[in-house]
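Okay, thanks for coming, everyone. I'd like to walk you through one model today, so let me get it up on the screen.

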Amino acid sequence: MENNEQHIILKTKNLSIGYVSKKAQTVIASGINIELHQGELVGLVGANGIGKSTLLRTLTKVQNPIKGQVFINNKPLEKQSALDLAKILSLVLTEKLISKNLSVFELVALGRQPYTNWVGNLTSEDIFIVNQALEQTHIEDIKHKKCFELSDGQLQKVMIARALSQDTNLIILDEPTTHLDMYHKAYILKLLKKLAKETGKTILFSSHEIDLAIQLCDSMIVMTKGHVEIDQPCNLIQSGAFEKLFPKDLIAFDETTGSFRIKK
Ligand SMILES: Nc1ncnc2c1ncn2[C@@H]1O[C@H](COP(=O)(O)OP(=O)(O)OP(=O)(O)O)[C@@H](O)[C@H]1O
């Protein structure tokens with residue numbers, strides 16, 4: 001199979017994710033074995049509270065695994081310094097931006113931080129890469145606007161541009177389509193697909209847009225209680241993975257259309 005011959009960017013080995021407090025350890029999911037290949041668009045889906053953000057935070061060293069290991073470019077995550085990691089992996093979170101006073105250009109330029117000197121001076125190469133990221137996300141026309149003046153959809157594109165200007169082989173986004181209308185959800189996910197194909201970057205995103213992800217992703221990670229599965233969408237449809245996502249009383253997965261339907 002073509003994908004398996006491609007370079008593995010990220011891999012987990014028997015990973016358990018969760019939270020540790022003074023009193024107890026809560027395992028959210030365990031036995032996670034996934035591989036992400038170069039140039040793939042990978043969607044992570046699962047019901048509310050199943051552990052998608054926890055998994056993304058563990059894959060990006062924001063929190064530690066309970067057990068097992070994460071490898072990026074074959075090197076254990078715990079052995080990578082913050083600066084090394086910033087050159088391999090960019091992370092786009094949906095939390096409110098603290099730096100909304102910056103212009104779009106300035107915010108996208110923050111992606112160059114791992115490469116700039118301590119005062120953050122941009123070289124002509126940095127400026128070229130920032131402009132390229134603005135172009136790739138089609139936001140050149142708003143580059144002088146302040147971020148607080150932007151709509152949610154525009155801001156989402158700015159955050160993706162910032163990740164692109166960081167120039168990493170791997171981009172991870174936590175719910176990049178939240179608060180967007182149907183058109184802009186499709187727009188953002190198609191943009192991610194195009195970027196993965198054209199730039200060879202591996203892009204992993206979590207989403208509740210299961211129908212769109214099925215249509216666009218090369219692979220999908222499906223999280224259900226006690227099980228995390230990764231495969232191509234068509235194989236996941238055949239194995240009935242999407243049917244296990246939600247209780248069956250309200251909605252059912254239609255294999256022929258690859259979408260969920262309300263039970264009447
Ligand atoms: N800081 C934390 N400490 C302890 N438990 C947490 C913490 N953050 C999240 N959890 C718990 O971990 C579980 C998984 O949460 P997580 O946010 O990863 O789910 P999710 O799949 O991203 O959900 P959603 O789709 O609603 O965003 C939930 O039961 C949640 O309550």
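Some housekeeping before that. This is a predicted model, so local features need pLDDT of at least 70 and side-chain atom pairs count only at pLDDT 80 or more, while totals for chains, interfaces and linings use all residues. Residues are numbered from 1 along each chain as its sequence is written, and side-chain values use heavy atoms, with hydrogens and water left out.

Which residues come nearest to it? Out of 13 residues around the ligand, that would be Gly-49, Gly-51, Lys-52, Ser-53 and Thr-54. Being around it, or near it, means that a residue has a heavy atom within 4 Å of the molecule. Split by class, this shell has four nonpolar, six polar and three charged residues. In that scheme Ala, Val, Leu, Ile, Met, Phe, Trp, Tyr, Cys and Pro are nonpolar, Asp, Glu, Lys and Arg are charged, and the others, Gly among them, are polar. Helix 2, residues 52-59, gives the largest share of the shell, with four residues. Helices here are DSSP runs of H or I, at least four residues, and strands are runs of E, at least two, numbered from the N terminus.

Now the side chains that reach ligand oxygens. Asn-48 has a side-chain N or O atom 3.0 Å from an oxygen atom of the ligand. For Glu-175, the distance from a side-chain N or O atom to a ligand oxygen is 3.2 Å. And His-208 puts a polar side-chain atom 3.0 Å from an oxygen atom of the ligand. How much of the ligand does the protein cover? It's 56% of the 640 Å² of accessible area that the ligand has on its own. Those areas come from the Shrake-Rupley method with a 1.4 Å probe.

On to strand 4, residues 41-46. Six of its six residues are buried, meaning under 20% relative accessible area; exposed is over 50%, and partly exposed is in between, with a 1.4 Å probe and protein chains only. In a regular strand the side chains alternate between the two faces of the sheet. Here Leu-41, Gly-43 and Val-45 point one way, and Val-42, Leu-44 and Gly-46 point the other.

And its partners? Strands pair if DSSP finds at least two bridges between them. Strand 4 runs parallel to strand 9, residues 202-206, over four bridges, with Leu-41 bridged to Ile-203. Strand 10 is also parallel to strand 4, joined by five bridges, and there Ser-219 sits opposite Val-42.

While we're in strand 10, look at Thr-224. Why does Thr-224 count as buried? Because its relative accessibility is 15%. Leaving aside residues up to four places away in sequence, Thr-224 touches Ile-50, Lys-244 and Leu-245, where contact means heavy atoms within 4.5 Å.

Asp-167, in the loop between helix 6 and strand 8, has a positive phi of about 55° although it isn't a glycine. Asp-167 is partly exposed, at 41% relative accessible area. His-179 lies between strand 8 and helix 7, and its phi is near 70°, again positive in a non-glycine. At 63%, His-179 is exposed.

Key: Polar contact = N/O pair within 3.5 Å; in protein donor to acceptor, adjacent residues only side chain to side chain.
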